[in-house]
Amino acid sequence: METNNKSIITVETEINAPLEAVWKCWTTPEDIVKWNNASDDWCTTHATNDLKAGGKFSYRMEAKDGSFGFDFEGCYTKVALNHQISFVLEDERSVNLVFTAIQDKTSISEEFETEHTHPADQQKFGWQSILNNFKSYVETSLKSEKTE
């Protein structure tokens with residue numbers, strides 16, 4: 001889909017966890033630093049999150065070998081508790097997430113405007129990889145809590 005010469009990509013996942021637990025893991029800086037990476041050779045070293053309309057977030061993402069790093073930052077335009085998060089990145093691209101409870105599972109749909117530096121399929125792969133990593137983190141964390 002094209003809007004103002006910007007392509008929109010959607011990535012999705014379904015997590016075997018209740019909505020409230022998924023929301024907490026997505027929005028809490030202590031959790032964000034544990035899942036926010038697309039591959040094992042990257043990490044998020046620091047996260048801040050002022051989760052409200054007009055609030056800002058910043059995630060410091062770095063290659064583990066120290067070769068590269070950047071700040072992933074934006075400003076929230078809409079926050080509906082346990083349902084929706086919308087924000088604008090520093091480069092003015094929009095992102096919209098919708099969280100939906102489906103019995104004891106949670107579906108996440110994330111739409112984002114592409115940038116023009118990397119091919120769209122590479123961007124989709126990267127964003128989907130982060131979402132997949134999030135799913136794995138939440139499901140593993142909940143299993144660990146149950147066994148303690």
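**Pocket, hairpin and helix**

Mentor: This is a predicted model. Its largest pocket is lined by 33 residues. M61, F70, F72, W127 and I130 lie nearest its centre.

Trainee: What makes a residue part of the lining of a pocket?

Mentor: Distance decides. A lining residue has an atom within 4 Å of a pocket point. For the largest pocket, 33 residues count as lining. The space in that pocket comes to about 930 Å³.

Trainee: Which elements supply at least two residues each of that lining?

Mentor: They are β4 (56–63), β5 (69–80), β6 (84–89) and α3 (120–147). Helix α3 gives the most, with 6 residues.

Trainee: Why are β3 and β4 called paired strands?

Mentor: Pairing needs at least two bridges. Strand β3 (residues 42–49) and β4 have 7 bridges, so they pair. The sense is antiparallel. In β4, E62 stands opposite C43.

Trainee: What lies between β3 and β4 in their hairpin?

Mentor: There are 6 residues between them. G54, in the turn, has a positive phi of about 90 degrees.

Trainee: How do you know that helix α1 is mostly covered?

Mentor: Take the cut-off: buried means under 20% relative accessible area. In α1 (residues 19–27), 7 of the 9 residues are buried, so the helix is mostly covered. Among them are W23, C25 and W26.

How values were computed:
Residues numbered from 1 in each chain as written. Predicted model: local features only at pLDDT ≥ 70, side-chain atom pairs only at ≥ 80, totals over all residues. Heavy atoms only, no water. 1 Å grid on protein atoms, 1.4 Å probe; cavity = no way out; pocket = protein on both sides within 12 Å on 5 of 7 lines; lining within 4 Å. Points joined across faces, edges and corners; volume = space filled by probe spheres on them. Helix = DSSP H or I, 4+ residues; strand = E, 2+ residues; numbered from the N terminus. Buried < 20%, exposed > 50% of the residue type's maximum accessible area, 1.4 Å probe, protein only.
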